[in-house]
Amino acid sequence: MTSSTKATASAPSNIAFIKYWGAVDLARAIPANPSISMTLEHCRSRTTVEHLGEEGEHEIVWRAEAGALETAPPSFADRVRGHLDFLRRYAGAEGRFRVATENNFPSAAGIASSASGFAALTLATVRALGLAPSEAELSALARASGSGSASRSVLGGFVEWPFDHEAKCHAQQLMPAEHWDLRDVVALVSSGPKRTSSLDGHKLASTSPYWAARQKALPLRLEAVRRAIRERDWNRLAGVVETEAIDLHCVAMSSNPPIFYWMPGTLAVLEAVREMRHDGVRATSTMDAGANVHVICPAEDEDEVVARLQKIPEVNGLLRDRVGSGPRDEDEHLF
Ligand code: DP6
């Protein structure tokens, strides 16, 4: 007889106001600069991990877009295996794992599915191993998956991941979700898979002639975002968030070789957000390593933002999300 323990956790994605782009140590996801994000509520990954007391290969299955559980592709399964091995070493445990995971949002939506996925995997695995790490430890463990933004997804509300050379480098909460009811309306303008991974983006970032300029601008930008969040100062936040995202994409577009994430629909949404502001609607935009645009707004402005985004011909769909309270243990297992 072999013993086993099973645990399920879900974790949300997050959207960065100040981005992680470039690393001093990519293998360990030690970022070149601090980043600040808002944890989402609805866009989540749910992961079940079973720890089996026998030796052998880890089994990784996933549910691709509302279908049955199936063997995960090697590109994804290999990253998961690497992280399971790391967590097993951390726990001083033996044995293999069986893992199943699913996202409740389309994987091509340009939502950070690796942030939510590796945060959920980390939490479910430590639970299956019977560990109860602190939030800081959990964040550092999630970061070690190589998906740096996963370090922010293990915390709720508004989160900062400071710059730190230490292996323990982890994110911390700036303010809880209840502090400020901000919304994220994601305008989907491209359904194709991402052409260049964030990992390649981090590698190329410092080849851009604008890299140094962005690094120089960041300390003031970070302080403005911290203060805007603390004081719920919408105007201060809105200006910095949009400038920061455009700068990140300027760095990407001018890297060697260049990376273009934007599509015509991206520009159409950016223009619509400018018009909204001109008309007194409180909205600002940001993009991760993809073409889709996250339109951030206070709760009171969300319906108007949605109504206007729905009218843009290049927008194929909208996801409506909000600031959320972070990962949670789940009762319902995936297998
Ligand atoms: C542009 O290395 O964390 O989203 O593993 O793909 O989630 P994934 O990416 P990661 O880089 C994130 C890059 C970013 C900005 C950010 O979220 O800070």
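Reply: Begin with a cut-off: a polar contact is a pair of N or O atoms within 3.5 Å. The model here is predicted. In it, a polar side-chain atom of aspartate 288 lies 3.4 Å from an oxygen atom of the ligand. Serine 198 has a side-chain N or O atom 3.0 Å from a ligand oxygen, and glycine 148 places a backbone N or O atom 3.2 Å from an oxygen atom of the ligand.

Me: How much of the ligand's area does the protein bury?

Reply: The ligand taken alone exposes 460 Å², and 95% of that is buried by the protein. H2 and helix H5 (198-204) each give two or more residues to the shell around the ligand.

Me: Which residues around the ligand come nearest?

Reply: Of the 15 residues there, the nearest are Tyr20, Ser114, Ser149, Arg152 and His202. By class, the shell has five nonpolar, six polar and four charged residues.

Me: Is alanine 177 buried or exposed?

Reply: Buried means under 20% relative accessible area. Alanine 177 is at 13%, so it counts as buried. Its place is the loop between strand E9 (172-175) and strand E10 (182-188). Beyond its neighbours within four places in sequence, alanine 177 is in contact with Gly157, Val323, Gly324 and Ser325.

Me: Which residues of helix H3 are buried?

Reply: In H3 (residues 135-143) they are Leu138, Ser139, Ala140, Leu141, Ala142 and Arg143. Their cover includes helix H1 (74-91), helix H2 (113-128) and helix H4 (150-153), along with strands E3 (30-31) and E8 (158-161).

Conventions:
Residues numbered from 1 in each chain as written. Predicted model: local features only at pLDDT ≥ 70, side-chain atom pairs only at ≥ 80, totals over all residues. Heavy atoms only, no water. Buried < 20%, exposed > 50% of the residue type's maximum accessible area, 1.4 Å probe, protein only. Helix = DSSP H or I, 4+ residues; strand = E, 2+ residues; numbered from the N terminus. Contact = heavy atoms within 4.5 Å. Near = heavy atom within 4 Å. Polar contact = N/O pair within 3.5 Å; in protein donor to acceptor, adjacent residues only side chain to side chain. Areas by Shrake-Rupley, 256 points an atom, 1.4 Å probe, with all protein chains shown as cover. Nonpolar A, V, L, I, M, F, W, Y, C, P; charged D, E, K, R; others polar.
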